[in-house]
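Here is a short tour for anyone meeting this model for the first time. Take a look at the sequence and the structure, then read on.

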Amino acid sequence: LLAYDQAKKLSPEKQKFGTGHSEGVIAAESANNAMVGPSLVPLLTLSIPGSPTAAVLLGGLIIHGIFPGPTLFQQYPEVIWPFINSMLIGQILMCIFGIYIASLAARVAQVPQFVMAAIVLGLAAFGSFAVQQSMGDVYVMVVLGTMMYFLERFGFSAAPLVLGLILGPIAESNFVTGSLISTAQNGPFVYFFTGGLNILLVSIVILSVGFSIWSEFNSKRQSQ
Amino acid sequence: MNIFQHRLASGFVASIAIIVCYISFTGFYSATTIAFFLLLTAYDPASYSNINSWVKRIIITACFIAIMYTLFAKILVVYTPRGMFI
């Protein structure tokens, strides 16, 4: 979603996004593929899941009594190295299969909309239930889906909502942890806004928000 | 979105509602089968009087549910709500 958002911001053909424009599809899918490996780095070294899939993986490791962290590579090399090797082999196979299957996979776009909608219906209901085996998640999916159907007609985008839903709990729990640590140390301002990495991240956030506002103003001025 | 897509979206929401309502009575796969078939029937442009189109809808529904059931229930052994049926 972030890659799609950035590609949209930087593209000269913003109005084509959301209509199956190839730039948007390529950006989203490239980022989706590229984040699989890197999301395992904080998971395996710091026990911090970098993606929902990594969070599920973390759950699986914990169920088997394996707690990811800095000592993981010494304690369970028989688990971790096959993991990393399979990722490497997977990337090579992905490249080979991607080249040969892409033309066949593109035919999915020719499936009639009513058939595709019915298939998505089944998978959406199943997927939302299966993650936590909770009917509550299915209700959330129904409510949010219905809400977004109406909100999209008023120009709202689903991307921030999905981001908030996925990243919100992770950001909130980490912020609470950070707040507690900062209270015990030099206070929240020093903890969150000093140090090279903090300043870099805060600067990127400010630049990204600023660029969005500037880009929006610019496109409105051009349309006038 | 064009009118067909709006109709499809509203039908989609209605079908999800059917799944949610029936899931605890009939079971996940049965509820999905009902909603899937209704959605196909409602939006398939083929004539209702054409017997071949009914056969086609039944085959598509059966194939989809069979794939889902085999993949998730048999191979991956994922738990789904069970009711009177599966």
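A residue counts as exposed when its relative accessible area is over 50%, as buried when that area is under 20%, and as partly exposed in between. Keep in mind that this is a predicted model.

**A look at chain B**

Let's begin with chain B, which has three helices and zero strands. Follow the sequence along and you get the pattern α-α-α. The chain has 86 residues, and 38% of them count as buried. About 4,800 Å² of chain B is accessible surface, and carbon and sulfur atoms account for 74% of that. As for how the chain meets itself, take the contacts between residues at least 6 apart in sequence: 60% of these join residues at least 24 apart.

Now for Val77(B), which sits in the segment after α3 (51-75) of chain B. Is Val77(B) buried or exposed? Its relative accessibility is 64%, so Val77(B) counts as exposed, the cut-off being over 50%. The backbone has something to show here too: phi of Val77(B) is near 50°, a positive value in a residue that isn't glycine.

**Over to chain A**

On the surface of chain A there is a nonpolar patch with about 950 Å² of accessible area together, and its members include Ile89(A), Phe97(A), Tyr100(A) and Leu104(A). Leu93(A) is also one of the patch residues, and it lies in helix α6 (residues 77-105) of chain A.

What does the side chain of Ser182(A) reach at 2.7 Å? That would be the backbone oxygen of Ser179(A). Leaving aside residues up to four places away in sequence, Ser182(A) touches Gly187(A), Pro188(A), Tyr191(A) and Phe192(A).

**Cysteines, and a side-by-side view**

How many disulfides does the structure hold over all chains? The count is zero.

| Residue | Relative accessible area | Class |
|---|---|---|
| Val77(B) | 64% | exposed |
| Leu93(A) | 40% | partly exposed |

Notes
Residues numbered from 1 in each chain as written. Chains lettered and ligands numbered in written order. Predicted model: local features only at pLDDT ≥ 70, side-chain atom pairs only at ≥ 80, totals over all residues. Heavy atoms only, no water. Disulfide = S-S within 2.5 Å. Helix = DSSP H or I, 4+ residues; strand = E, 2+ residues; numbered from the N terminus. Buried < 20%, exposed > 50% of the residue type's maximum accessible area, 1.4 Å probe, protein only. Patch = residues over 30% accessible without salt bridge, like charges linked within 9 Å, V, L, I, M, F, W, Y side chains within 5 Å. Areas by Shrake-Rupley, 256 points an atom, 1.4 Å probe, with all protein chains shown as cover. Salt bridge = Lys/Arg side-chain N within 4 Å of Asp/Glu carboxyl O. Polar contact = N/O pair within 3.5 Å; in protein donor to acceptor, adjacent residues only side chain to side chain. Contact = heavy atoms within 4.5 Å.
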